[in-house]
Amino acid sequence: MLLSDLLDAPVHDADGRALGFVVDVRLVLDGPLDGVLAAPRLHGLLVSPRTGSSFLGYERTDENSPALLARWLRHRHRGTFLVLWDDVLPPDETHTPPAPTITLRHDYRRWSPALPQH
Amino acid sequence: MKKIFAVALGVLTAIGGFVDIGDLVTNAVVGARFGMSLVWVVVVGVVGICLFAQMSGRVAAVSGRATFEIIRERLGPRVGGANLVASFLVTVLTLTAEIGGIALALELASSVERRLWIPFAGLAVWLVLWRVKFSVLENVAGLLGLTLVVFAVALFQLGPDWGELVDQAVHPRVVEGEGVPTYWYYAIALFGAAMTPYEVFFFSSGAREEKWTAKDIKQSRVNVVVGFPLGGLLSIAIAGCAAVVFLPRAIDVTSLSQITLPVAMAGGKLLLALVILGIVAATFGAALETALSTGYTLAQYFGWSWGKFHRPAQATRFHTAMLVAVLVGTLVLLTNVDPIAVTEYSVVFSAIALPLTYLPILVVANDREYMGEHVNGRTTNALGLVYLVIIVAASLAAIPLMIATGAGG
């Protein structure tokens, strides 16, 4: 699976209700060592309810400037959440093309899209 | 002492490097048709490029990421990719215009056909890209470009009616016989000539080439805030020369020899020789910058190793991309297109492509994760938002105006 298969893909819950679109993926570097860095692992998907366009990174922090831009993007992407990759049902490989739909487990959990503060 | 020298060198190269074929042609064409009535656009454009270059330079110095790495990261592969295609094509178009400019200037100097010079100009650009160190190519072209100051000297020697010129500049109105859409079309062209995307790719990637850190922010700010406005004054002098010589006679500027004519009228052979030297240096320098920018944008989007600080063998795809871009530009020119016409289109397409490059930089310049204490201040952000509106408006208006006016007719 490629990153571009995931980005902009529609997301549904187990009952088939539309939840939004994948706007970004979150990777963590905790795999085995690959060269100088740990191999990245797909941690989860960022799902925005209304649009598949970019959030420009405002979901990661509480950064608030330039104010007009931040406010507009937050409004456009309100309700964005992080869903863990473990809560995503394995994609139906027989169902290509068109672009796959992401389906979540019925007990999936919505996490805050912000990065943990350190 | 060393520090003063470094600042002076930075400022001087910023002045000499500011003017390229886009500024030369657009300012002369506009001066001849509209007098000084579009000088306000040069001012708006210069403030804009100061703001944009200063932000992207600061982002590159602090976060270590050049402009297209930021674009790729914030816009994602798809919109980022569309942006890459647009920015890359505009940069190749600009590169084509610059190589054409070198050939035209050499034709003026030698009376040998420009088509014979084109392959040599392309070859020379590629050889310099391949062999010469970054700091050398940047400084030599910038310093020689300073000889364009003869446009200002010529303007004084022509002894114009200053009151009339100032009046045209401060009370802008559409000259009789020109339509309002044409006026605005050229306003966008001038804006695109002053705020060209490649300048920012080059500036931010150059910050990485020269290994800037947060400590260098102050000096880079001085280079930009002093150097670019003085470069802008050169642009205005070019427009002024054309306004004095061509506007009263209702002559359109369509060739490089016309652009240099006011200088020859004012100062004879000596100034003419200097201005040709300046044009060769300015277009050659800009050809290097645009060619490097094609390599930077592609390499930064795809994550290839890039930069002149690598040997060509260690950054093969970066160097191949530049070679192909120079080759394409040269071949396009050999089809006998008019370099002046290519230039006029390149500045308008620059204005069209600008918003997608500008927006991610404005956002990242505010991101504390990347920038720490060096985020934008309130004033910069207020100005940044005003320019976002201007840039988007110019970009949206450009194509309709191009169609309505038949590209300036």
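These numbered points go through a predicted model with chains A and B, one part at a time.

1. Chain A in outline. Chain A contains 2 helices and 5 strands. Read from the N terminus, its elements follow the order α-β-β-β-α-β-β. Along the principal axes, the C-alpha atoms of chain A fill a box of roughly 45 × 40 × 25 Å. The chain has 118 residues, and buried residues make up 25% of them. Take the contacts in chain A between residues at least 6 apart in sequence: 54% of these join residues at least 24 apart.

2. Two backbone details in chain A. The peptide bond that joins A:Ser65 and A:Pro66 is cis, with omega at about -5 degrees. A:Pro66 sits in the loop between β3 (37-48) and α2 (67-76) of chain A. The other detail is at A:Asp8, which is not a glycine but has a positive phi of about 75 degrees. This residue lies in the loop between α1 (3-6) and β1 (10-12) of chain A. A:Asp8 counts as partly exposed because it has 17 C-beta neighbours inside 10 Å, and the partly exposed class lies between 12 or fewer (exposed) and 20 or more (buried).

3. Where the chains meet. On the side of chain B, 17 residues are in contact with 14 residues of chain A. The elements of chain B that give two or more residues to this side are α4 (67-110), α14, α15 (368-371) and α16 (378-405). Of these, α4(B) provides the largest share, 6 residues. By class, the side of chain B that touches chain A has 7 nonpolar, 5 polar and 5 charged residues.

4. Helix α14 of chain B. This helix covers residues 339-364, which is 26 residues. At 1.5 Å a residue it should span 38 Å, and its end C-alpha atoms are 37 Å apart, so the two values agree. The helix does have a kink of about 40 degrees at B:Ala353, shortly before the proline B:Pro355. Of the 26 residues of α14(B), 24 are buried, so the helix is largely enclosed by the rest of the structure.

5. Helix α5 of chain B. The 18 residues of this helix (residues 114-131) should span 26 Å at 1.5 Å a residue; the end C-alpha atoms are 25 Å apart, which agrees. Its buried residues are B:Arg114, B:Trp117, B:Ile118, B:Ala121, B:Gly122, B:Val125, B:Trp126 and B:Leu129. When reading that list, recall that an α-helix has 3.6 residues a turn, so residues three or four places apart point the same way. The cover over the buried residues of α5(B) includes α4, α12 and α13 (316-334) of chain B.

6. Helix α2 of chain B. This helix (residues 21-34) has 14 residues and reaches 19 Å from its first C-alpha to its last, close to the 20 Å expected at 1.5 Å a residue. It is mostly covered, with 14 of its 14 residues buried. B:Gly35 follows α2(B) and has a positive phi, near 60 degrees.

7. A helix pair in chain B. Two packed helices are described by the angle between their axes and the distance between the axes. For α10 (residues 197-209) and α12 (residues 256-302) of chain B, the angle is about 75 degrees and the axes are 9 Å apart. The two helices are therefore roughly perpendicular to each other. From α10(B), the residues B:Tyr198, B:Phe201, B:Phe202 and B:Ser205 take part; they meet B:Glu289, B:Thr290, B:Leu292, B:Ser293, B:Tyr296 and B:Thr297 in α12(B). By class, this contact has 5 nonpolar, 4 polar and 1 charged residues.

8. Two loop residues in chain B. B:Lys211 lies in the loop between α10 and α11 (217-245) of chain B. Its phi is positive, about 55 degrees, although B:Lys211 is not a glycine. Is B:Lys211 buried or exposed? B:Lys211 is exposed, with 10 other C-beta atoms within 10 Å. B:Gly372 is in the loop between α15 and α16 of chain B. With 11 C-beta neighbours inside 10 Å, B:Gly372 counts as exposed. B:Gly372 and B:Ser63 are 309 residues apart in sequence, but their C-alpha atoms are 9.1 Å apart in space.

Conventions: Residues numbered from 1 in each chain as written. Chains lettered and ligands numbered in written order. Predicted model: local features only at pLDDT ≥ 70, side-chain atom pairs only at ≥ 80, totals over all residues. Helix = DSSP H or I, 4+ residues; strand = E, 2+ residues; numbered from the N terminus. Expected span 1.5 Å × (residues − 1). Bend = angle between axes of the 7 residues up to and from the residue. Axes fitted to C-alpha atoms, helices over the stretch in contact; angles between N-to-C directions. Parallel < 35°, antiparallel > 145°, perpendicular 65-115°, else oblique. Contact = placed C-beta atoms within 7 Å. Nonpolar A, V, L, I, M, F, W, Y, C, P; charged D, E, K, R; others polar.
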